[in-house]
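Please read them with the structure open.

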Amino acid sequence: MRMQINLQRDTWLRGNATPCERSAKSRCVRHAATRPMRAVLLGPPGVGKGTQAALLFARMGACHLSTGEILRTAKCLNACDRTPGLNTALEYMQRGELVPDQTVVQLIQERTDCLRCHAGFLLDGFPRTVEQAKALDQLLGNEHLGLDAAISYYLPWPVVVERLSGRRTCRACKSAYHIETLPPRQEGLCDECGGPLHQREDDQPESINVRMQSYAKSTAPVLDFYRDRGLLVEVSAEGAPEEVYQRTLQSLENRVKVKPTG
Ligand code: AP5
């Protein structure tokens with residue numbers, strides 16, 4: 001199975017100044033959400049958030065908005081294409097420091113058009129701390145928007161390591177593959193655009209440990225934040241992507257009404 005990836009996300013990667021050309025009407029969906037779905041995707045690195053977001057985008061229309069992707073793309077943008085928030089984030093990354101909450105929130109503020117999108121959104125990688133979760137609450141409140149769910153994927157630790165160490169990503173269109181569970185048709189090349197595949201720097205064993213520690217310390221408390229608000233939906237990420245997707249839909253049944261369209 002190949003993932004469709006959201007190619008029209010310049011507004012997300014570059015900020016509000018870049019108009020979004022996306023039209024939800026033109027999208028072919030197997031399940032149509034009867035109203036826009038607005039959710040955050042939580043879970044440890046490599047659990048499959050991006051993979052599920054791609055499936056949910058392709059079939060339900062809500063845009064996949066990844067903060068990790070903004071930060072990775074920032075390095076490749078020309079200075080004139082970078083927002084003030086991106087410039088600040090880059091300074092932290094160039095010093096090898098984590099990007100602080102305040103700057104990440106600024107990046108989201110620069111992209112509020114994406115939160116207002118009539119197709120809904122799937123935030124992946126944000127919020128990563130309780131401070132970020134509070135800021136998102138406030139931003140959505142200002143826009144009179146509500147969250148449908150905080151979907152938290154979970155998986156045994158050794159499986160997470162297998163998924164991360166086998167991941168390969170297209171440099172051009174960012175499609176994700178796995179050398180064993182989701183190999184490209186031609187080794188080293190993307191099925192979607194023919195671009196070269198590579199291993200993300202942070203998928204090396206030493207980086208994986210650091211990311212897992214950071215998740216346990218800073219992101220795990222975000223689950224309680226959403227549990228207390230009645231928004232947390234916990235979903236096992238075991239099994240093939242399609243199984244996880246179907247499990248996600250079942251878990252969301254009472255929150256987002258979906259009607260199969262064929
Ligand atoms: P980010 O890009 O958000 O990374 P992450 O949260 O660590 O998540 P990943 O993208 O690594 O994993 P995923 O869960 O999406 O898994 P995927 O679907 O690819 O962030 C990167 C960095 O940016 C952070 O470490 C941080 O420093 C910084 N950052 C980002 N947001 C920030 C924020 N808000 N604040 C501060 N800093 C921030 O799947 C993984 C692999 O498994 C793939 O190969 C896939 O093919 C395979 N796979 C997926 N599902 C299945 C399945 N069901 N069965 C078999 N294989 C599967």
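1. Helices and strands are DSSP runs (H or I of at least four residues for helices, E of at least two for strands), numbered from the N terminus. This is a predicted model, in which local features need pLDDT of at least 70 and side-chain atom pairs count only at pLDDT 80 or more, while totals for chains, interfaces and linings use all residues. Residues are numbered from 1 along each chain as its sequence is written, and side-chain values use heavy atoms, with hydrogens and water left out.

2. Overall make-up. The protein chain has 10 helices and 10 strands. Of its 262 residues, 49% are buried, where buried means under 20% relative accessible area, exposed over 50%, and partly exposed in between (1.4 Å probe, protein chains only). Contact means heavy atoms within 4.5 Å. Among contacts in the protein chain with a separation of 6 or more, 73% join residues 24 or more positions apart.

3. Ligand contacts. The ligand is surrounded by 33 residues, and the closest are Thr51, Arg167, Tyr177, Arg211 and Gly239. Polar contacts are pairs of N or O atoms within 3.5 Å; within protein, one must be able to donate a hydrogen and the other to accept it, and residues adjacent in sequence count only if both atoms are side-chain atoms. An oxygen atom of the ligand lies 2.8 Å from a backbone N or O atom of Gly50. On the nitrogen side, a side-chain N or O atom of Thr67 is 2.8 Å from a ligand nitrogen atom, and a polar side-chain atom of Thr181 lies 3.2 Å from a nitrogen atom of the ligand. The ligand taken alone exposes 1,100 Å², of which the protein buries 90%.

4. Make-up of the ligand shell. Two or more residues each come from helix H2 (49-60), helix H3 (67-74), helix H8 (157-165), strand E7 (176-178) and H10. H3 gives the largest share, 4 residues. By class, the shell holds 14 nonpolar, 11 polar and 8 charged residues. Here Ala, Val, Leu, Ile, Met, Phe, Trp, Tyr, Cys and Pro count as nonpolar, Asp, Glu, Lys and Arg as charged, and the others, Gly among them, as polar.

5. Helix H2. How is H2 placed in the structure, enclosed or open? Because 10 of its 12 residues are buried, H2 is largely enclosed by the rest of the structure. The buried residues of H2 include Gln52, Leu55, Leu56 and Phe57. The expected span of a helix is 1.5 Å times one less than its number of residues. For the 12 residues of H2 this should give 16 Å, and the end C-alpha atoms are 15 Å apart, which agrees. Just after H2, Gly61 takes a positive phi of about 90 degrees.

6. Thr248. This residue is found in helix H10 (residues 241-252). Thr248 counts as buried, at 0% relative accessibility. Beyond its neighbours within four places in sequence, Thr248 is in contact with Gln52, Ile151, Tyr153 and Val235.

7. His64 is in strand E3 (residues 63-66) and is buried, with a relative accessible area of 10%. Its side chain makes a polar contact with the side chain of Asp124 (2.8 Å). Leu123 lies in strand E4 (residues 120-124) and is buried, at 0% relative accessible area. Leaving aside neighbours within four places in sequence, the contacts of Leu123 include Trp12, Val40, Leu65 and Leu136. The C-alpha atoms of Leu123 and Thr67 are separated by 7.9 Å, although the two are 56 residues apart along the chain.

8. Backbone points to check. Most residues other than glycine have a negative phi, and most peptide bonds are trans. The peptide bond from Phe126 to Pro127 is cis, with omega near 0 degrees; Pro127 is in the loop between E4 and helix H7 (130-142). His144, in the loop between H7 and strand E5 (149-154), has a positive phi near 55 degrees and is exposed, with a relative accessible area of 75%. Lys174 is not a glycine but has a positive phi of about 75 degrees. Lys174 lies in the loop between strand E6 (167-170) and E7 and is partly exposed, at 30% relative accessible area.

Terms used:
Near = heavy atom within 4 Å. Areas by Shrake-Rupley, 256 points an atom, 1.4 Å probe, with all protein chains shown as cover.
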